[in-house]
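User: I would like a close look at one part of this model. Please keep to computed values and give the cut-offs.

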Amino acid sequence: MKYTTKKPAVLLLGDGTIFYGKAVGKEGTAFGEVCFNTGMTGYQEIFTDPSYLGQILVTATAHIGNYGVHSDENESESVKIAGLVCRNFSQTYSRTSASESLYHFSERNNLLILCEVDTRALVAHIRDYGSMNAVISTEITDLEYLKEQLKQIPSMKGLELASKVSTKTPYFVGNPDATYKVAALDLGIKRHILKNLTARDVYVQVFPYNTSFEQMQAWKPNGYFLSNGPGDPEPLKGVIKVAKQIIAHNYPLFGICLGHQIIALANGISTYKMHNGHRGINHPVKNLLTGKGEITSQNHGFAVDKEQAAQSAEVEITHLHLNDGSVAGIRMKNKPCFSVQYHPEAGPGPHDAHYLFDQFIDLLKKNKSTQ
């Protein structure tokens, strides 16, 4: 194949730190919150994960693009990250089943890529000083001008982004004759989540993020699901209200990532922006109910307040992140409602937490027997 010419580019962080590298393909300027992911594989799933909207992603692994892309591995219809920063970007690939190179995939998706960056130093900086807004540019050399532009970019704290990635109209996934019906509220849902539900004899109707409880209930589902998604959960007042209504009516409810945070807020437990978040496919979690450990896939920059969760009369903590002790899962004591901060669908990542979908099916089965 013909190699594209790499162009000089700059990465400017919100605290004034500067990294230089080379841009591959697209030229331009991109703004977003800079964060890092430690996964060695799964870059296509990560780039198309709606939860990454508005973020410039740094890949901690040294090689990106070496196994190409495959259409079945998209988690949404397009790339969601604002930009990519990596060490070595491979324009060729060696996987026989790949449909195209990551370079051509990123070109079609208008993704700005900065490579040949000292990502070890960059990741260490983010770990020490936290996630912050940043800008990548191939066209602007005036750093003072970039700094002024960067000041205008809003912080992820307080930012509502689910509306930008949610479906605009309801749609169905799965077999209409399936045993169970689940109403899923789309806050940025991943395709692997839907695959895990439909593989368990579930017919899913996916609703826009601002759908009312009454609209979903008119379909008469056996249970409800709150999806993952980007941004701060606190501004999603309407979604929090819907979660409260589902809980009040005693319907089965399962939440993942942003959905987990929404369930906590619906129970009066606050959330907070983390120092640099959890993003990777090897995060250790302990299931407090079984005593077993799990290796999990994670992608979040907000978390549930541990002290408030521990003091709640309605909620108990079920999972803890073993690296920092943060809340990784909760359930309600007297309601068929539970959630996890990580991604049990494992797109990408290990399958240790697939059992959580089976637990949800058990709740649907109990609910259907009483309907």
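Leaving aside neighbours within four places in sequence, which residues is Gln261 in contact with? Please set the answer in the context of the annotated site.

Analyst: This is a predicted model, in which local features need pLDDT of at least 70 and side-chain atom pairs count only at pLDDT 80 or more, while totals for chains, interfaces and linings use all residues. Residues are numbered from 1 along each chain as its sequence is written, and side-chain values use heavy atoms, with hydrogens and water left out.

Apart from neighbours within four places in sequence, Gln261 is in contact with Pro233, Thr271, His300, Phe302, Ala303, Val304 and Gln341; contact means heavy atoms within 4.5 Å. Gln261 is part of helix α9 (residues 258-266). Helices (H or I, at least four residues) and strands (E, at least two) are DSSP runs, numbered from the N terminus. With a relative accessible area of 3%, Gln261 is buried. Here buried means under 20% relative accessible area, exposed over 50%, and partly exposed in between (1.4 Å probe, protein chains only).

As for the annotation, an unreviewed UniProt entry gives the feature "binding site" at Ser51, Gly229, Gly231, Leu258, Gln261, Asn299, Gly301 and Phe302. These positions spread over 252 residues of sequence yet cluster in space, the largest C-alpha distance being 13.3 Å. From this set, Ser51, Gly229, Gly231, Leu258, Gln261, Asn299, Gly301 and Phe302 belong to the lining of the largest cavity. UniProt positions are given in the numbering used here, feature names are shortened, and annotations may be inferred rather than shown by experiment. A cavity is a set of points, on a 1 Å grid over the protein atoms alone, where a 1.4 Å probe fits but cannot get out; lining residues have an atom within 4 Å of a point.

Gly231, another annotated position, sits in the loop between β13 (223-226) and α8 (237-248). Gly231 is buried, at 12% relative accessible area. Beyond neighbours within four places in sequence, Gly231 is in contact with Met156, Leu159, Leu161, Leu258 and Phe302.

Methods:
1 Å grid on protein atoms, 1.4 Å probe; cavity = no way out; pocket = protein on both sides within 12 Å on 5 of 7 lines; lining within 4 Å.
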